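Work through the exercises below with the model open. Each task is followed by a stepwise solution.

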Amino acid sequence: MSLFDIFTKKAGRDYSSEPGVNNPKRVMPYGDILGDGALQMSFTLPVAPSPEAKEGAKRYIEKLGLKDVLIAHMEGIGNNLSYFVVYGHAKHAFDITKVKVPKADYEKMNLDEVVEFARKNIKRKITIVGATTGTDAHTVGLDAIMNMKGYMGDFGLERYDCFKTINLRSQVSHEELLARAVRLNADVILVSKVVSQRDKHIEELKVLGAALAKEKGLKKSLIKIVGGPRLNHAQALKVGFDAGFGHGTLPSEVASFIVQEYARRNVS
Ligand code: B12
């Protein structure tokens, strides 16, 4: 269906009984009218901006199956590189009832609820050791979770009375993290991985996951958590961790998981 059709023939019609509209089995993007499949995407091509680059970008997106393609923006972003913003209309829909995403098992609580839960059920401070590992120098994500001031108005783990937190900061080797976790008798380790080029973060986490599993000096009940913008819970499980937290995670989500998982493992 073209944009013309959408605006002239279909506008004003009741779509609620049609595929793609309010129907969880046929979900699709929309822009102007539910079910129109309108979407916006952006990408970079390794060519200088030109009328040919613009037309090439349009044809490429048409090959991907989008209709009514409009290049809304083209901009040079360096030597022989162009950035594009494109609008188009997709025809594909998906069945959201068939989509299952593994998630860390916890009920979200706020700071006071976490502290109260720990006071009632745990009755001791939980020792948490955090680090950004390998050559990764990004500390902001880990700090957002651990530091007193927290992230997006949500206080960090240092603020919780029920936790003793040790932030080893960035570029921490696996050996050092393991040694510190053993020495501090850690209950939880938090690993941050931000650089993900060529899936380096996954490779390194596999190695760390295996080293953690082998290390005899660690508590058997140690809770291993990993986080970063290109990570999710399913990936964390695959590399030997107990939970994975991605983009936009709030400290209280991590705190909620920690106390509930600690109670599951340690309180009978
Ligand atoms: C700030 C920054 C830097 C600073 C870091 C300063 C510091 N002290 O951290 C500096 C300038 C040092 C830097 C360097 C580099 N950077 Co940089 N950097 C960024 C930038 C702009 C912001 C990252 C950030 O602070 N985000 C804010 C925090 C709050 O978000 P977050 O990290 O996602 O954290 C949240 C979640 O992911 C999660 N989380 C994160 N960690 C953890 C851990 C746990 C346990 C849990 C539970 C949750 C959790 O919770 C947080 C809060 O919600 C990003 C681009 C971007 N916009 O994201 C690039 C970016 C991450 N950097 C990038 C790159 C390539 C580099 C360099 C390699 C550049 C270079 N060629 O030198 C170097 C790497 C140096 C190194 N050895 O690691 C790339 C990574 C690309 C990739 N896919 O790997 C990015 C995406 C930029 C880009 N688009 O190219 N960088």
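**Exercise 1.** In this predicted model, find which residue of strand 5 Gly-130 stands opposite.

Solution. 
- Start with the strands: strand 4 covers residues 126-132 and pairs with strand 5.
- The sense is parallel, over five bridges.
- Within strand 5, Asn-167 is the residue opposite Gly-130.

**Exercise 2.** Place the strands in their sheet: what is the order, and which strands stand at the edges?

Solution. 
- The sheet is open and has five strands, ordered 5-4-6-7-8.
- Their pairing is parallel.
- Strand 5 (163-167) and strand 8 (243-245) each have a single partner strand, so one side of each lacks a neighbour in the sheet.
- These two are the edge strands.
- On average, neighbouring strands are turned by 20° against each other, direction ignored.

**Exercise 3.** Classify Lys-193: buried or exposed?

Solution. 
- Locate Lys-193 in the loop between strand 6 and helix 6 (200-214).
- Buried means under 20% relative accessible area.
- Lys-193 has 2% relative accessibility, so Lys-193 counts as buried.
- Next, look for polar partners: its side chain makes a polar contact with the side chain of Glu-204, at 2.4 Å.
- Beyond four places in sequence, the contacts of Lys-193 include Thr-133, Asp-136, His-201 and Gly-227.

Note on methods:
Residues numbered from 1 in each chain as written. Predicted model: local features only at pLDDT ≥ 70, side-chain atom pairs only at ≥ 80, totals over all residues. Heavy atoms only, no water. Pairing = 2+ DSSP bridges. Helix = DSSP H or I, 4+ residues; strand = E, 2+ residues; numbered from the N terminus. Axes fitted to C-alpha atoms, helices over the stretch in contact; angles between N-to-C directions. Buried < 20%, exposed > 50% of the residue type's maximum accessible area, 1.4 Å probe, protein only. Polar contact = N/O pair within 3.5 Å; in protein donor to acceptor, adjacent residues only side chain to side chain. Contact = heavy atoms within 4.5 Å.
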